[in-house]
Amino acid sequence: MIEPDSRIENGYLKYAEWCYSPNYDERPSGTQPSLIVIHSISLPPGDFGGVDIRRLFTNQLDVNAHPFYQQLRGLKVSTHFLIDRLGCITQFVSCLNRAWHAGESNWRGEANCNNYSIGIELEGTESDGFEAEQYISLRAICQSLVVSYPIEACVGHSHIALPLGRKQDPGIGFNWSELSAVQNIDLPI
Ligand SMILES: [Zn+2]
């Protein structure tokens, strides 16, 4: 059962399943998360329910398992949270640490968004919609984040990635108005 107002303690969300990723480092000294970045991912693209997203974020993906994976060879990436199609939440990196999800990026004049953001991956594609259960879990995480950290805004990867147009996710199927119930954060709508 998700308790939407649960504070995040020591960087960990109580109602998430924990899966350790080695792909993180420390935030710059004194930096707290102030931005939420929404992504979408599916591996292979368009397939849902498998374990390859977890494998990617834990450096265990077999790049020979699918032709698309060749371009992922040697990639070291992560996220703080993943929400699968059923709304189940997995946490890979403590919110106190810097996950590697945004790449080259800029938000309101501040470069390298990984320094000060929380990454949330939704299992999905850049062209299709998302499940109601995913929005429920996403709202819960955002609510937990805003009561725990000085969060100012929530944006898509597409809004911050450089050069502009490098990333399209979460994509046209993501409904930003689903987040309007989260208090006190700016949305790109
Ligand atoms: Zn992304």
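Helix H2 buries Gln134, Ser137, Leu138, Ala140, Ile141, Cys142, Gln143, Ser144 and Leu145. Keep in mind that this is a predicted model. The helix takes in residues 132-148, 17 residues in total, and stretches 25 Å from first C-alpha to last, close to the expected 24 Å. What sits over its buried residues? The cover includes strands S3 (35-41), S4 (81-83), S5 (89-91), S9 (117-123) and S10 (153-156).

**The overall layout**

Stepping back, the protein has 3 helices and 10 strands. Going along the sequence, they come in the pattern β-β-β-α-β-β-β-β-β-β-α-β-α. The C-alpha trace spans about 45 × 35 × 30 Å along its principal axes. How does the radius of gyration sit with a compact globule of 189 residues? The rule gives a value near 16 Å and the protein has 15 Å, so the two agree. Buried residues account for 39% of the 189. As for contacts between residues at least 6 apart in sequence, 71% of them join residues at least 24 apart.

**The sheet**

Six strands make an open sheet in the order S1-S5-S4-S9-S3-S10, and the pairing is mixed. The edges belong to S1 (17-18) and S10; each has a single partner strand, so one side of each has no neighbour in the sheet. H2 packs on this sheet, touching S3, S4, S5, S9 and S10, and its direction makes about 170° with that of S9.

S9 has S4 and S3 on either side in the strand order. It runs parallel to S3, with 7 bridges joining the two, and parallel to S4, with 3 bridges. Some of the residue pairs involved are set out here:

| Residue | Partner in S9 |
|---|---|
| Leucine 35 | Serine 117 |
| Isoleucine 83 | Leucine 122 |

Is S9 mostly covered or mostly open? Mostly covered: 7 of its 7 residues are buried. In a regular strand, side chains alternate between the two faces of the sheet. In S9, Ser117, Gly119, Glu121 and Glu123 point one way, while Ile118, Ile120 and Leu122 point the other, and all are buried. That puts two glutamates, Glu121 and Glu123, among the buried residues of the strand.

**The nonpolar core**

Which residues have the most contacts inside the largest nonpolar core? In this set of 42 residues they are Ile36, Val37, Ile38, Ile120, Ile141, Cys142 and Leu145. The elements giving two or more residues to the core are S3, helix H1 (52-57), S4, S9, H2 and S10. Ile141, Cys142 and Leu145 have already come up as buried residues of H2, and Ile120 as a buried residue of S9.

Val37 is worth a look by itself. Leaving out neighbours within four places in sequence, valine 37 is in contact with His101, Ala102, Cys113, Ser117, Gly119, Val155, His157 and Ile160. Two of those, Ser117 and Gly119, point the same way from S9.

Most residues other than glycine have a negative phi, and most peptide bonds are trans.

Take the cis bonds to begin with. Leucine 43 and proline 44 are joined by a cis peptide bond with omega about -15°, and proline 44 lies in the loop between S3 and H1. Another cis bond runs from aspartate 169 to proline 170, with omega near 10°. Proline 170 belongs to the segment after helix H3 (157-160).

Then there are the positive phi values. Asparagine 112, though not a glycine, has a phi of about 50°; its place is the loop between strand S8 (110-111) and S9. Asparagine 184 is not a glycine either, and its phi is about 65°. This asparagine 184 is found in the segment after H3.

How many other C-beta atoms lie within 10 Å of asparagine 112? The count is 16, so asparagine 112 is partly exposed. For asparagine 184 the count is 9 other C-beta atoms within 10 Å, so asparagine 184 is exposed.

How values were computed: Residues numbered from 1 in each chain as written. Predicted model: local features only at pLDDT ≥ 70, side-chain atom pairs only at ≥ 80, totals over all residues. Helix = DSSP H or I, 4+ residues; strand = E, 2+ residues; numbered from the N terminus. Expected span 1.5 Å × (residues − 1). Buried ≥ 20, exposed ≤ 12 C-beta atoms within 10 Å, placed from the backbone. Contact = placed C-beta atoms within 7 Å. Core = buried A, V, L, I, M, F, W, Y, C linked by C-beta atoms within 7 Å. Pairing = 2+ DSSP bridges. Axes fitted to C-alpha atoms, helices over the stretch in contact; angles between N-to-C directions. Rg over C-alpha atoms; globule rule 2.2 N^0.38 Å.
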